[in-house]
Amino acid sequence: MPPTRIAVLGGGLTGLSSAFHLSRKFPNSKVVLVEKHSRLGGWVRSERVQLPQGTHVLEAGPRSLRPNSKSVLELIHLLKLKDQVITVPKTAAPAKARFLYIPPSDSIRASGLQRIPSSLFSLLRSPLWSVLLPAVLREPFRRNNRPADIQDESVDSFFSRRFGETFARTFGSALVHGIYATDSRKLSVKAAFPSIWKAEERGRGSIVRGFLLPSKPVEEEQYDLGRTLDMMRDVSVYSFRDGMETLTAAMEQSLLRSDNVEILKSTSISGLKSLEDKSIEITLAEKEPLRASHVVSTLPLPILHNLVSLPHLTANPPSTVRVVNFIFAAPPKDIHPEGFGYLIPRPPAGYPHSPSPGILGTVFDSCSLHAQDLPQTEGADYYNNAPYTKLTMMTGGPYPQPPLPEQLCSSESSRDMPDFVRSLLDELRRQLGKDLPEPVYWRIWNNEECIPTLLPGHLDRMEELKTVLASDWDSRLAVVGAGVGGVSVGDCIEAGRRVGREW
Ligand SMILES: Cc1cc2nc3c(=O)[nH]c(=O)nc-3n(C[C@H](O)[C@H](O)[C@H](O)COP(=O)(O)OP(=O)(O)OC[C@H]3O[C@@H](n4cnc5c(N)ncnc54)[C@H](O)[C@@H]3O)c2cc1C
């Protein structure tokens, strides 16, 4: 029977996408979106700050997207956001130049900021060649070494098996720091990088061979894309003029205009139970309970675990990420090399046990996202001429972090700078090898338990969860979100797009 009343729990990306798509799919059903906070968007948060000479968009969460997720492009089309999109072409420096920072204490021969080679020519000239070249050239000739009895393994174990331990630590751990802010020795390769896991199968044991062979065609989903594919031709990454919150704010506005949607903000969910007539009762703090024929939970799984008994909700530990934005009153050329930014691999001796700056990587926002800032630098010469440089340091994840002062989160004065921010700045100077000026603005976002580390076996556990939802809840309760189907913006939007297909 089609749903009469759908409750969507949680108003982050997945909850907003679920409510948006369900309200269109079931125009005769009522959709109620319930969110604990007074704002929607979850980890997507953009803030425009006003400084004496202009304004700058700062991001707390996701900042740029690759154009490969059609579900996001579809939203851009449906919500008429095309004019707000800013793109970085594949030929631009931020698309071509990505770096690794190798500390001098590391055991590999290259040290300092090293550009990741993007062509054979640049590989041969790169100090990273001694790690990259032998690993990639030998891989197709290594015997098939996936143990017959394993269904999944960590990213580190997978890359070590195929490319060797130095490659796995140098490139694999840095990549995982950049996407999942976690330890590559813990993250499931099958859940995090399914295409690489499948390439090894296709290549009969070799990832390189697998990528050279054609993959089986899969049945294509149909998306309402308008002309967004044209807009994304030859684009490396994109964002929005006012930041990523453009996407969540536009979904909210669209929901507010829908006759069949109600949004309950500042409303905490404290319980969930199935009633005899198969409807579901949602207990709300300080409000009357809500009844729904169908429920979509997009809550972080450990939070859902406090509301209802279901298997595997606490299997994946979450990472806490501190994001620190800096603005310097100097052009980017005086601060950093032209490019997207850099990632830092896991230290050879593992993560320290005591608190440290714990830098996972730094994004050179001025290079890819300078079109967000006002006034805009005329022409393409922002790198040499823009009056400001904006960059973001990502810290935490597997590194223990020092405590933060309770209230101080941003400042225009370097006198108020907490020791933590000062230590990041000192480290930034060392990593960039430059005597940087004092920043004119800094902002800390403490994202507590924001990204789940999907441990090996995650996909099987989620299948078991689905089976229990089908048998015990008659599939009237759907559980989706970053902790279930993948953490990327595209994964979250796609999950909201697909939910309720069996209703
Ligand atoms: C720092 C950072 C950088 C990132 N960068 C990128 C990137 O560059 N590219 C990319 O693709 N992805 C990125 N991501 C990942 C992506 O942003 C997240 O995975 C995604 O936003 C998660 O959305 P969600 O809706 O599943 O979860 P959430 O955003 O966690 O939403 C869950 C919602 O539930 C609400 N809630 C919780 N408890 C209750 C309760 N009891 N009652 C009611 N409501 C409740 C919360 O307030 C929240 O709004 C990044 C994430 C972070 C944190």
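Strands are DSSP runs of E with at least two residues, helices are runs of H or I with at least four residues, and both are numbered from the N terminus. Residues are numbered from 1 along each chain as its sequence is written. Because the model is predicted, local features need pLDDT of at least 70, side-chain atom pairs count only at pLDDT 80 or more, totals for chains, interfaces and linings use all residues, and side-chain values use heavy atoms, with hydrogens and water left out.

Strands β10 and β11 (residues 280-284) run antiparallel and are joined by five bridges; two strands are taken to pair if DSSP finds at least two bridges between them. Both belong to an open sheet of three strands with the order β10-β11-β12 and antiparallel pairing. From one strand to the next, the twist averages 20°. Angles run from 0 to 180 degrees between N-to-C directions, and axes are lines fitted to C-alpha atoms, for helices over the stretch in contact.

A second open sheet holds five strands in the order β9-β2-β1-β13-β20, with parallel pairing. Here the edge strands are β9 (261-264) and β20 (477-479), and each pairs on one side only. The twist in this sheet averages 15° from one strand to the next. Strand β1 (residues 5-9) runs parallel to strand β13 (residues 294-297), and four bridges join them. V8 has V296 in β13 as its bridge partner. Helix α1 packs on this sheet, where it touches β1, β2 (30-34), β9 and β13, and the direction of α1 makes about 170° with that of β2. Contact means heavy atoms within 4.5 Å.

Helix α1 (residues 13-25) also packs with helix α19 (residues 489-498), at an angle of about 35° and with the axes 7 Å apart. The crossing of α1 with α19 is right-handed. A crossing is left-handed if the near helix is turned anticlockwise from the far one by less than a right angle, and right-handed if clockwise. On the α1 side, L13, T14, S17, S18 and H21 take part, and they meet V489, C492, I493, A495, G496 and R497 in α19. By class, this contact has five nonpolar, five polar and one charged residues. Ala, Val, Leu, Ile, Met, Phe, Trp, Tyr, Cys and Pro count as nonpolar, Asp, Glu, Lys and Arg as charged, and the others, Gly among them, as polar.

Eight of the ten residues of α19 are buried, so this helix is largely enclosed by the rest of the structure. Buried denotes under 20% relative accessible area, exposed over 50%, and partly exposed the range in between (1.4 Å probe, protein chains only). The buried set consists of V489, G490, C492, I493, E494, A495, G496 and R497. These residues pack against α1, α2 (70-78), α12 (245-257) and α18 (482-485). Just after α19, G500 takes a positive phi of about 85°.

Strand β19 (residues 441-452) is mostly covered, with nine of its twelve residues buried. Strand β14 (residues 318-328) runs antiparallel to β19, and nine bridges join the two. Within this pair, F326 stands opposite W442. Strand β18 (residues 410-411) pairs with β19 in the antiparallel sense over two bridges, and S411 has W442 as its bridge partner.

The chain is divided into domain 1 (5-43 + 245-315 + 454-498), domain 2 (46-94 + 317-452) and domain 3 (118-212), with bounds that come from an automatic or database domain assignment. The C-alpha centres of domain 2 and domain 3 lie 28 Å apart. Each of these two domains contributes 15 residues to the contact between them.

Helix α6 (residues 155-163) and helix α9 (residues 194-202) cross at roughly 35°, and their axes come within 12 Å. This crossing of α6 with α9 is left-handed. F158, F159, R161 and R162 in α6 meet I196, W197 and E200 in α9. The residues of this contact divide into four nonpolar, no polar and three charged.

E219 lies in the loop between α10 (207-212) and α11 (228-231). This residue counts as exposed because its relative accessibility is 82%. E219 and R476 are 257 residues apart along the chain, and their C-alpha atoms are separated by 27 Å.
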